[in-house]
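My notes follow in the order in which I looked things up.

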Amino acid sequence: MNKPLPDIIKKAFRPKFEILEQIGEGGMATVYKAIQINLNRYVALKIIHPGFAHDQEFLARFHREAQLCSAINHPNIITIYDEGEIADIHYLAMEFLEGMTLDQLIFRYKQLEPDITFSYLLPIARALDIVHRKGLIHRDIKSSNIFITNEGHPVLMDFGIAHSNSFLTVSQTGAVIGTPAYMSPEQAAGVELDSRSDIYSFGVVLFECLSGRVPLSASNPFSTIHRIIYEQPPLLKSMIPETPEWLSDLVALLLQKEADKRPQTINQVIELISNPQHHFGNHDTKRSSMTLYSAVGMFIGLLALLVYYINFTDKMPVKEQNQSNPSSQQIKQKIDSAAINPMKDSDSANKNNIIYNNDSAEIPYFYQQSLTNN
Ligand SMILES: Nc1ncnc2c1ncn2[C@@H]1O[C@H](COP(=O)(O)OP(=O)(O)OP(=O)(O)O)[C@@H](O)[C@H]1O
Ligand SMILES: [Mg+2]
């Protein structure tokens, strides 16, 4: 529910920002669309809830993380424009994005196809690689911190920025805020973290995209934490039977309880996703699931093509004879380029079936199609 911002606060911000409307709210901050006056541009203005105004440690960390994030210049990482304090109110001004967060997208479409999922998560993994190479840990990888713009461009937000040092945040009324469902077991246990904690959380997001739900959750945050520490997450394949074996194995690897048993770097995760056939044996290693029926259909199709070829090739013009099916390498390149910017131009987006329909700029065409088919 949107709470109007008191006029006195709007007035205090006016020399720098004209606050227009609330666009979102999280556990620790409210986000407003605003105009940065000196540059006359829209910004997303994140204002920390007043309840945190006296938590000096939290505020120091908030500003430090904002500064660290602003030092990273990457197309898949949110750009920070400004941060500071006005009239005791701590804020962060960042680029204003149009689209929806990944959790909103999953909520709307229930679950995402593997190709669509990787077109969002591979660029995020590459962005995370940059973050880790700088010696930073994101600490708060979750679907609500990944924004998908209307052009299908994924952007990683919120570098553990608005997180207090205690792993759960308790509001003034005593209620626990936020969901621990994306926390690694070591994060849930409150021990020291390294970048492999982000790899676990990345696995949770991958699981959520493909199945529509997080692997371990419960009706309250404390039970969720207990489950994360002590219970094995379900296999993706047990929930979505058509999941290719390698993809289910990959997710299980990312969700290993012990950090030593996970891929040790996000770069290794990128490699596993990019070349599953090298790492998961040679069983079904396509990124999207293929049923037995489609395999049989393809075989019959190829057989028919072969017969056609034997009978008619001598009558065909040379140019047509040279037409061939794309090689697996070409398909891989296509997926990789889609992963970098799946909706960059309508042509490439078209090939990946994820263009936006003009009638509803917000809804990826891919989903409109699948919704119509169902
Ligand atoms: N740069 C931005 N551009 C547009 N909308 C944004 C931007 N940043 C945040 N939002 C919107 O504000 C909402 C709240 O973001 P916020 O980070 O405060 O909360 P959260 O990530 O859902 O939860 P948490 O408190 O755990 O961080 C987001 O879900 C998103 O809809
Ligand atoms: Mg957030």
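Entry 1, the shell around ligand 1. I looked up which strands line the ligand in this predicted model, and found that β1 (17-25), β2 (29-36) and β5 (89-95) each supply at least two residues of the shell around ligand 1. Of these contributions I noted that of β1, which gives the most to the shell, with 3 residues. I then asked which residues come nearest to ligand 1. Of the 21 residues around ligand 1, the nearest are G24, G26, G27, V31 and A44. Sorting the shell by class, I found 11 nonpolar, 7 polar and 3 charged residues.

I recorded that the axes of α4 (residues 114-133) and α10 (residues 266-274) come within 9 Å and cross at roughly 155°. Because angles over 145 degrees count as roughly antiparallel, I wrote down α4 as roughly antiparallel to α10. Their crossing is left-handed. On the α4 side I listed F118, L122, A125, R126, L128, D129 and H132, which meet I266, N267, V269, I270 and I273 in α10. By class, this contact of α4 with α10 has 8 nonpolar, 2 polar and 2 charged residues.

For the pair of α4 and α6 (residues 196-211), I found that the axes come within 10 Å and cross at roughly 165°. That angle makes α4 roughly antiparallel to α6, and I noted the crossing of α4 and α6 as right-handed. The contact is made by P114, T117, L121, A125 and L128 of α4, together with D198, F202, V205, L206, C209 and L210 of α6. I counted this contact of α4 with α6 by class as 9 nonpolar, 1 polar and 1 charged residues.

Definitions and conventions
Residues are numbered from 1 along each chain as its sequence is written. Chains are lettered from A and ligands numbered from 1 in the order in which they are written. This is a predicted model: local features need pLDDT of at least 70, side-chain atom pairs count only at pLDDT 80 or more; totals for chains, interfaces and linings use all residues. Axes are lines fitted to C-alpha atoms, for helices over the stretch in contact, and angles run from 0 to 180 degrees between N-to-C directions. Helices (H or I, at least four residues) and strands (E, at least two) are DSSP runs, numbered from the N terminus. Angles under 35 degrees count as roughly parallel, over 145 as roughly antiparallel, 65 to 115 as roughly perpendicular and the rest as oblique. A crossing is left-handed if the near helix is turned anticlockwise from the far one by less than a right angle, and right-handed if clockwise. Two residues are in contact if their C-beta atoms, placed from the backbone, lie within 7 Å. Ala, Val, Leu, Ile, Met, Phe, Trp, Tyr, Cys and Pro count as nonpolar, Asp, Glu, Lys and Arg as charged, and the others, Gly among them, as polar. A residue is near a molecule or strand if its C-beta atom, placed from the backbone, lies within 6 Å of it.
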